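Here are my notes on this one, as numbered points. Have the structure open while you read.

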Amino acid sequence: LDVPPPLTPSYCVDAACSGNPGLLEYRCVDTASGEELFYRGPFVRGTNNVGEFLAIVEALMLCHQEGHPWPIYSDSVNAISWVRAKKARTNLNRTHRNAELFERLDQAETWLRSHAYPNRLLKWQTDSWGENPADFGRK
């Protein structure tokens, strides 16, 4: 079954977490050029799903700001479903150490509840296309 190539223009997001919970970072790149549009982290006591969620929401915010209706690719089905639900359904415990991360989650959820967006949230097809261009390459 042939999978068509990823749509461009578009953005790709990904997160990397060393440990669970652990040191978290996430970023967004232009799918076609690989240019990094933003990088966040590292944050202590994060999870991969939290990073993927925040990366998608921040990419949506960037698109909103720049007026880009472009699709956003993520390889996280969980994070895409959380964004559609406008809620990070994480089991991560809020502590003083990860307070900044939870502030970002609160801001992301508030933004999602107060903004509509035209962007399609699409699953990156790793089997057909190889690693997501935003991947941190640490597998």
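1. Start in the loop between H2 and H3, where you'll find lysine 86. This is a predicted model, so take the backbone angles here as computed values. Lysine 86 isn't a glycine, yet its phi is positive, at about 60 degrees. As for the side of the molecule it sits on, lysine 86 counts as partly exposed, with 31% relative accessibility.

2. Arginine 45 is the other positive phi I'd look at: the angle is near 55 degrees, again in a residue other than glycine. Arginine 45 belongs to strand S3, whereas lysine 86 is in a loop. The relative accessible area of arginine 45 is 30%, which makes it partly exposed.

3. Now back up into H2 itself, residues 77–85. Which of its residues are buried? They are Ala79, Ile80, Trp82 and Val83. Looking down the axis of H2, these buried residues fall within an arc of 160 degrees, so they line one face of the helix. Val77 and Arg84 are exposed, and they sit on the face turned away from that buried side.

4. What covers the buried residues of H2? The cover includes two helices, H1 (48–66) and H3 (99–114). Strands S4 (72–74) and S5 (121–123) are also part of it.

5. On to the cores. The largest nonpolar core has 32 residues, and those with the most contacts inside it are Val50, Phe53, Leu54, Ile56, Leu60, Ile72 and Val83. At least two residues of this core come from each of S1, S2, S3 (36–46), H1, H2 and H3. H1 gives the most, with ten residues. Apart from this core lies another one, of six residues, with Cys12, Tyr73, Leu122 and Trp124 among them. Note that Val83 is on the list of most-contacted core residues and is also one of the buried residues of H2.

6. Leaving aside neighbours within four places in sequence, leucine 54 is in contact with Tyr26, Leu101, Arg104, Leu105 and Ala108. Leu54 is also among the residues with the most contacts inside the largest core.

7. For the strands, begin with S1 (residues 11–19) and S2 (residues 22–30), which pair in the antiparallel sense over nine bridges. A hairpin through two residues joins S1 to S2. S1 also runs parallel to S4, and two bridges join that pair.

8. In S4, tyrosine 11 stands opposite isoleucine 72. Ile72 turns up again among the residues with the most contacts in the largest core.

9. Finally, please check the cis peptide bonds by eye. One joins threonine 8 and proline 9, with omega about 0 degrees; proline 9 is in the segment before S1. Another joins glycine 41 and proline 42, also with omega about 0 degrees. Proline 42 is placed in strand S3, and that strand also holds arginine 45, the residue from point 2 with a phi near 55 degrees.

Definitions and conventions. Residues numbered from 1 in each chain as written. Predicted model: local features only at pLDDT ≥ 70, side-chain atom pairs only at ≥ 80, totals over all residues. Heavy atoms only, no water. Buried < 20%, exposed > 50% of the residue type's maximum accessible area, 1.4 Å probe, protein only. Helix = DSSP H or I, 4+ residues; strand = E, 2+ residues; numbered from the N terminus. Arc of directions from axis to C-beta. Contact = heavy atoms within 4.5 Å. Pairing = 2+ DSSP bridges. Core = buried A, V, L, I, M, F, W, Y, C linked by side-chain atoms within 4.5 Å.
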